[in-house]
Amino acid sequence: MEKHITTPITQEITKDLKSGDYVYITGEIYVARDAAHKRMIEALDRKEELPIDIKDSTIYYMGPSPAREGRPIGSAGPTTATRMDKYAPRLLDLGEKAMIGKGKRSKEVIDAVIRNKAVYFAAVGGAGALLSKCIKSSEVICYDDLGAEAIRKIYVEDFPVIVVIDSEGNNLYETSIKEFKKADLKK
């Protein structure tokens, strides 16, 4: 099913998203990768505030290339999500509602998605130049010293993603394999 949603992504939104849905996101989302996630967790360990408002937030795992003239950002393809798996459960428990990346997630992340009624989206790897056309603005908001891994706030319009893991734990990567095998047996 195709759905259009606007950030912030709340539990009311995630409950209506099902594994396999095609979703177009409009609104503000954060961009952060491994180094930024590590710093956020270190800040929490020191009992410091996070540099972003994590409640009902969406974090896109992406490290952009430099912007071309007249554009807010360069190529903006997803990073492999498993690199954030050791950090994601804690951020989900603090209120993060959506993650965008590519690839599988650990059992701990899936459990945290279910526990917090969150969602994991996949963006198409290798389509960074096309995805960047949906990004209308981009600004570094913290950890500027990390360069491409700094935390950014971006504004997206009709940013295309697919629900991989929904708030009930249904996992497209598992169900699609089962469906493929079932269809293959019928041949």
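Which residues is Ile59 in contact with, leaving aside its neighbours within four places in sequence? Select Ile59 and display Tyr30, Ala32, His37, Met40, Ile52, Ile54, Leu91, Glu96, Ala98, Met99 and Ile100; contact means heavy atoms within 4.5 Å.

This is a predicted model, in which local features need pLDDT of at least 70, side-chain atom pairs count only at pLDDT 80 or more, and totals for chains, interfaces and linings use all residues. Residues are numbered from 1 along each chain as its sequence is written, and side-chain values use heavy atoms, with hydrogens and water left out.

Next, select Met40, Ile59, Leu91, Met99 and Ile151, the residues with the most contacts inside the largest nonpolar core, which has 30 residues. Such a core is a set of buried (under 20% relative accessible area, 1.4 Å probe, protein chains only) Ala, Val, Leu, Ile, Met, Phe, Trp, Tyr and Cys residues joined through side-chain atoms within 4.5 Å. Elements giving two or more residues to this core include α2 (34-45) and α3 (88-93). A separate second core, of 24 residues, includes Ile9, Leu17, Ile100 and Val119.

Now go to Tyr60 and Phe159, both buried. Their ring centres are 5.2 Å apart (a pair needs centres within 6.5 Å), and their planes are at 65°, so the pair is edge-to-face (over 60 degrees; under 30 is stacked, the rest tilted).

Finally, select Arg39 and Tyr143: the charged end of Arg39 sits over the ring of Tyr143, 5.2 Å from its centre. The criterion is NZ of Lys or CZ of Arg within 6 Å of the ring centre and within 35 degrees of the ring normal. Arg105 lies over the face of Tyr120, 4.8 Å from the ring centre.

Key. Phe/Tyr/Trp six-rings, centres within 6.5 Å; stacked < 30°, edge-to-face > 60°. Buried < 20%, exposed > 50% of the residue type's maximum accessible area, 1.4 Å probe, protein only. Helix = DSSP H or I, 4+ residues; strand = E, 2+ residues; numbered from the N terminus.
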